[in-house]
Amino acid sequence: MTNVKNSTNMSESQQSICDWAEGIFGPVADPRALVARAMLEMKELDEAVADRDISEIGREAADVLILLYRLANQFGLDLDGEVQGKMAINRARKWSAKGDGTGSHV
């Protein structure tokens, strides 16, 4: 049986998540497998959003993020740092809103 720690006892990081996943699932043979799995989790997230199932939305979004942390780790990237850098770029851009809560840079 796998040792499960109470999530209130520790704060997860990209590294702790990746260490856990490698211990459970083994090393990543091909990073594209993580992308494929994230796409499946995105489909599950889409279904949860369509159903307006708040708790399931949270769990599925977390599954996607966990896979993205693992993917970034495969390339020696700090995903949180990448988000900070990308937001600096995004904040400096001009944007066109599409009226549906999304948009694109111009």
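Which pattern does the protein follow when read along the sequence? After that, please take me to the place where the axes of helix H1 and helix H3 cross.

Reply: Happy to. A word on the ground rules: this is a predicted model, in which local features need pLDDT of at least 70 and side-chain atom pairs count only at pLDDT 80 or more, while totals for chains, interfaces and linings use all residues. Numbering starts from 1 along each chain as its sequence is written, and side-chain values rest on heavy atoms, with hydrogens and water left out.

Read along the sequence, the pattern is α-α-α-α-β-β. That gives four helices and two strands (DSSP runs numbered from the N terminus: H or I over at least four residues for helices, E over at least two for strands). The protein has a radius of gyration of 16 Å, well over the 13 Å that the globule rule gives for 106 residues, so it is more spread out than a compact globule (the radius is taken over C-alpha atoms, and the rule is 2.2 Å times the number of residues to the power 0.38). Along the principal axes, the C-alpha atoms fill a box of roughly 50 × 35 × 30 Å.

Of the 106 residues, 19% count as buried (under 20% relative accessible area, with exposed over 50% and partly exposed in between, using a 1.4 Å probe and protein chains only). The accessible surface comes to about 8,200 Å², and 56% of that belongs to carbon and sulfur atoms (Shrake-Rupley method with a 1.4 Å probe). Among contacts between residues at least 6 apart in sequence, 48% join residues at least 24 apart (contact means heavy atoms within 4.5 Å).

Now for the close look. The axes of H1 (residues 14-25) and H3 (residues 54-74) come within 9 Å and cross at roughly 90 degrees (axes are lines fitted to C-alpha atoms, for helices over the stretch in contact, with angles from 0 to 180 degrees between N-to-C directions). This makes H1 roughly perpendicular to H3, a label for angles of 65 to 115 degrees (under 35 is roughly parallel, over 145 roughly antiparallel, and the rest oblique). On the H1 side, the contact is made by Gln14, Gln15, Ile17, Cys18, Ala21, Glu22 and Phe25, and on the H3 side by Ile66, Tyr69, Arg70, Ala72 and Asn73. Sorted by class, the contact of H1 with H3 has seven nonpolar, three polar and two charged residues (Ala, Val, Leu, Ile, Met, Phe, Trp, Tyr, Cys and Pro are nonpolar, Asp, Glu, Lys and Arg charged, and the others, Gly among them, polar).

Gly58 lies within H3 and is partly exposed at 40% relative accessibility. Its C-alpha is separated by 8.5 Å from that of Leu45, 13 residues away along the chain. The loop between helix H2 (31-51) and H3 holds Arg52, which has a positive phi of about 55 degrees although it is not a glycine. Arg52 is exposed, with a relative accessible area of 63%.

Pro31, in H2, is partly exposed at 22% relative accessibility. Beyond its neighbours within four places in sequence, Pro31 contacts Leu71, Gln74 and Phe75. From Pro31 to Ile57, 26 residues apart in sequence, the C-alpha distance is 25 Å.

In the loop between H3 and helix H4 (79-92) you will find Asp78, partly exposed with a relative accessible area of 43%. Asp78 and Ala61 are 17 residues apart in sequence and 19 Å apart in space, C-alpha to C-alpha. Gln84 sits in H4 and counts as exposed at 59% relative accessibility.
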